[in-house]
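Please find below a note on the structure for discussion.

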Amino acid sequence: MNYLETHLAIVKHLVEHTFNHTYKKNSVDDVLWDIVTNCVDSLDLEDCVIYIYDKSIDRLVQKAAYGPKVIDAGIVSNPIYLKLGEGIAGYVGKSGVAEIVEDCTKDERYIVDDLERNSEIAVPLIFEGNLIGVIDSEHTEKNFFTQEHLDIFKSISSICAIKIAEMRASQKNEVLARFFNESSHPTIRIDEFGTVLNKNKASEDVLIQWNISKGKIGNKNILKLIDTVITNNVEKTLEIILLDKTYNLRFNPVVGRNYVNVYSSNITDLKKAKLEAEKANEIKDKFLSVISHEIRTPLNAIVGTLNLLKSEDLSEKQLEYLKTTDYASDKLLTLLTNVLDVEKIKANKIQVENIHFNLGTLLNNLNNAFTFDTQSKNNELKFLVDKDIPKQLFGDETKLYQILINLLNNAVKFTNDGHIFLRVKQEALTPESSTIRFEISDTGIGIPEDKIESIFNPFQQAESSITRRFGGTGLGLSIAKDLVALLDGDLSVKSKVGEGTTFIVLLQMSISKKTIENNNTNVFNFNKTVLKDIKILLVDDNKINLKIGEQFLKKWGATIVKAENGIEAVNAFKAEVFDLILMDIHMPICNGYEATKKIRATNKANKDLPIIAITADVTEHSKLLAKEVGINAIISKPYKPEDFISKITGVLFKNLSSI
């Protein structure tokens, strides 16, 4: 297994395992032990150790260690305690800089133990500038550890640090929640005239705020609020601040009585807990961004290389290998998209995007996506489309495609030696819109009637044995249902065990007045001079992706100038004239946002010069930042060549911005 494949495999495993921990609420120790054992097993290391920094004793404490000294994972009988600066791991913890020691016998920092070690690698776990711990590995061979090891350890340390910070924040929130559930609530009873009828001792500070005198409230705003509650028989809430404490007040009318009960809760710490929860969500967003970037970046190299191979003269056997790998990469991308979408849907961060699109192109792409699946399972896939359905539509093409691909994935997964149909029918038609019925039917195993509701729950399937027999995450149907609801549609299902299942999606789609061609042409049949005389500045810190992008662009006749970070990009822009800039976002020294701002601010800059971001970070926050700095469009990694050239030509020749 080469470096790219190893990196991808480890990070893919970690994202799946980490999400399992998130939903199952396992401990930090479980995460640490999984990482050290996975590193040893996946990278052929002799050992792997994670130290966690304990601020109370100012020491790095050995929490997980897997190798010849610890055979049974999960137990460190005699943990090692290191001062910051002590040993190579302690030195890295103090400096915050990852390090490879090629020959430990020549390094005076090395602590000799009973096992011979001649090389070492140590990488700090840091979150928001604070030391979390250190991940460390030693080996008997000198010069064993390479840059590839360092890159993988850095990716793992980033994920590990974020995960630990997230779990600590979550644990803190749970403690606060228990405290508030057990706390008492001051209570007051007030009549329509503002007379305090009853109160407890905890209410005194609240009543002082309301100018109580001789048992009556003098604050006119509070009296008006009480009158509203009694007259309209409605509950009202109010927040007040006394000294450094915040109280939440709930005014409840008592039916048939001319008084209100006021329940007062001290929410000072609760508000702090809310801020902590918001911080935890920010951590989770950062975690998702890191995961997306760490997987999509190497996946882009895989997808790009596969598409470059498609343009070569290959034997039938090589083409078969290529199809298999292409299929696997598509499945991995679908898994990543589904996992990220679960969090986006939960956080209400998915927005509807309306564009003009051709329904025929979408259906052709769907059909092509399932060629390998249907053939490998000896299934027959048929698309039956009403001729009367408008082909030019205006709506969210991406979400419609994702709904249908998830439902078709489900049909293919549970059908062998059978038939799968996608029927597209028109239910209703107006001059402005068409109500379309998408019906996905299969002759597969079917769903028991009492399990139909549960199949739409995230990470859940009809029976536990389903995962073992057929695989899958249980996310596809849940996401399909949520996306249909987002598009104001309806999703229903009917099934019979042993005979098959039918999912029905009803969506009202706007009719487009714009003609969009049904473009099914293979990208490598495009005119190779489509970008002739176009000079492009290509910016990416990943050399593999830089090379792949360059190969694509040269196939279409473009002249390429390359840069590996934002500073190089700005300097190249100042030195030469370009027709287009393709800008990576996450780069060292100067990222894509900063570079774009510098370019837009340059006196020489043509405000119409198109800049397209190519990024593995596809969060809404990233899109907003891109728009703010003057980026015209975004191409998300991994990209397919047809999408790549389509976005470039759209921005270059048709002035189509898309963020």
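The points below concern a predicted model and take up the nonpolar cores, selected strands and several charged pairs.

1. Largest nonpolar core. The largest nonpolar core contains 39 residues, and Leu366, Leu400, Leu407 and Phe438 have the most contacts inside it. Two or more residues each are given to this core by helix 9 (359-369), helix 11 (397-413), strand 17 (419-429), strand 18 (433-442), helix 13 (476-486) and strand 20 (500-511). Helix 11 supplies the largest share, namely eight residues.

2. Setting aside residues up to four places away in sequence, Leu400 touches Phe357, Leu359, Leu362, Phe438, Leu507 and Met509. Another core, of 37 residues, lies apart from the core described above; Trp33, Cys39, Val40 and Ile156 are among its members.

3. Helix 13. The buried residues of this helix are Gly476, Leu477, Ser478, Ile479, Ala480, Leu483 and Val484. Just after helix 13, Asp488 adopts a positive phi of about 60°.

4. Thr246. This residue lies in strand 12 (residues 245-253). Thr246 has a relative accessible area of 13% and is therefore buried, the cut-off being under 20%. Not counting residues up to four places away in sequence, Thr246 touches Glu239, Ile240, Ile241, Ser265, Asn266, Ile267, Thr268 and Lys271.

5. Salt bridge between Asp47 and Arg117. Side chains of opposite charge can pair when their charged atoms come close. The count for the model comes to 17 salt bridges. In one of the salt bridges, the side chains of Asp47 and Arg117 meet at 3.3 Å, N to O. Asp47 lies in the loop between helix 2 (28-43) and strand 1 (48-54), and Arg117 in the loop between strand 4 (99-101) and strand 5 (119-127), so the pair ties together parts that are 70 residues apart in sequence. Both Asp47 and Arg117 are buried.

6. Salt bridges within helices. The side chains of Lys163 and Glu166 form a salt bridge at 3.9 Å, N to O. These two residues are separated by about one helical turn because they are three residues apart in helix 4 (residues 147-182). Lys163 counts as buried at 2% relative accessibility, and Glu166 counts as buried at 10%. The side chains of Glu550 and Lys554 likewise meet in a salt bridge, at 3.0 Å, N to O. Glu550 and Lys554 are four residues apart in helix 14 (residues 543-555), and are therefore separated by about one helical turn. Glu550 is buried, with a relative accessible area of 11%, whereas Lys554 counts as partly exposed at 45% relative accessibility.

Conventions:
Residues are numbered from 1 along each chain as its sequence is written. This is a predicted model: local features need pLDDT of at least 70, side-chain atom pairs count only at pLDDT 80 or more; totals for chains, interfaces and linings use all residues. Side-chain values use heavy atoms; hydrogens and water are left out. Buried means under 20% relative accessible area, exposed over 50%, partly exposed in between (1.4 Å probe, protein chains only). Contact means heavy atoms within 4.5 Å. A nonpolar core is a set of buried Ala, Val, Leu, Ile, Met, Phe, Trp, Tyr and Cys residues joined through side-chain atoms within 4.5 Å. A salt bridge is a side-chain nitrogen of Lys or Arg within 4 Å of a carboxyl oxygen of Asp or Glu.
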